[in-house]
Amino acid sequence: MAVLLREVIGDVLRDARTSQGRTLREVSDSARVSLGYLSEVERGRKEASSELLSAICTALDVPLSRVLTDAGEKMADRERLARLTAVPSQDSSINVATKVVIPHPVAMAVA
């Protein structure tokens with residue numbers, strides 16, 4: 001399954017908020033974002049614009065660059081884990097160097 005950036009950013013934002021002991025309501029009021037929308041962003045259901053991310057980061061007193069850096073590191077970790085635990089598909093046994101010859105179609109005579 002693909003790792004989605006919006007989910008990773010949501011995790012980083014939630015971690016920052018909970019580590020400060022703040023509620024969704026406190027941060028949403030400070031960022032001037034609806035509580036429901038902030039909740040959706042934290043759960044990775046909504047893709048936040050750069051303006052919204054900036055407002056949330058300001059409300060959390062966390063630099064946007066820190067959130068993006070942390071998200072990049074988490075994403076790399078999840079991708080590595082996904083590669084390590086991936087089940088090889090049946091197609092992986094096909095040797096791509098194998099040549100297949102497909103003969104030209106021959107016109108058939110109709111009597």
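Let me start with one residue. Glu42 touches Gly10, Asp11, Leu13, Arg14, Arg17 and Leu24, leaving aside residues up to four places away in sequence; touching, or contact, means heavy atoms within 4.5 Å. Glu42 sits in helix H3. Helices here are DSSP runs (H or I, at least four residues), numbered from the N terminus. With a relative accessible area of 3%, Glu42 is buried. Buried means under 20% relative accessible area, exposed means over 50%, and partly exposed is in between, using a 1.4 Å probe and protein chains only.

A word on the source. This is a predicted model, in which local features need pLDDT of at least 70 and side-chain atom pairs count only at pLDDT 80 or more, while totals for chains, interfaces and linings use all residues. Residues are numbered from 1 along each chain as its sequence is written, and side-chain values use heavy atoms, with hydrogens and water left out.

Now the helix around Glu42. H3 covers residues 35-42, and its buried residues are Leu38, Ser39, Val41 and Glu42. Why do they lie on the same side of H3? Because they cover an arc of only 160° around the axis, where the arc is that of the directions from the helix axis to the C-beta atoms. The cover over these buried residues includes helix H1 (5-19), H2 and H4. Just after H3 comes Gly44, with a positive phi of about 75°.

On to the salt bridges. Side chains of opposite charge can pair when their charged atoms come close. The criterion for a salt bridge is a side-chain nitrogen of Lys or Arg within 4 Å of a carboxyl oxygen of Asp or Glu. How many are there in the whole structure? The search finds 8. I will go through three of them.

Glu42 forms one with Arg14, and the closest N and O atoms are 3.9 Å apart. This pair links distant parts of the chain, with Arg14 in helix H1 and Glu42 in helix H3, 28 residues apart. Arg14 is partly exposed, at a relative accessible area of 25%, whereas Glu42 is buried.

The next pair is Arg78 and Asp11, whose closest N and O atoms are 2.3 Å apart. Arg78 lies in helix H5 (residues 64-85) and Asp11 in helix H1, so the pair ties together parts that are 67 residues apart in sequence.

One more position in H5. Thr69 is in that helix and counts as partly exposed, at 37% relative accessibility.

Next, how H2 and H4 pack. The axes of helix H2 (residues 24-31) and helix H4 (residues 50-60) come within 8 Å and cross at roughly 115°. Axes are lines fitted to C-alpha atoms, for helices over the stretch in contact, and angles run from 0 to 180 degrees between N-to-C directions. From H2, Val27, Ser30 and Ala31 meet Ala55, Ile56, Ala59 and Leu60 of H4. The residues of this contact divide into 6 nonpolar, 1 polar and no charged. Nonpolar covers Ala, Val, Leu, Ile, Met, Phe, Trp, Tyr, Cys and Pro; Asp, Glu, Lys and Arg count as charged, and the others, Gly among them, as polar.

Last, a residue in H4. Leu52 is found in that helix, and it is buried, with a relative accessible area of 13%. What does Leu52 touch, not counting residues up to four places away in sequence? Val33, Tyr37 and Val41. Leu52 and Ala31 are 21 residues apart in sequence, and 8.2 Å apart in space, C-alpha to C-alpha.

Note on methods
Helices (H or I, at least four residues) and strands (E, at least two) are DSSP runs, numbered from the N terminus.
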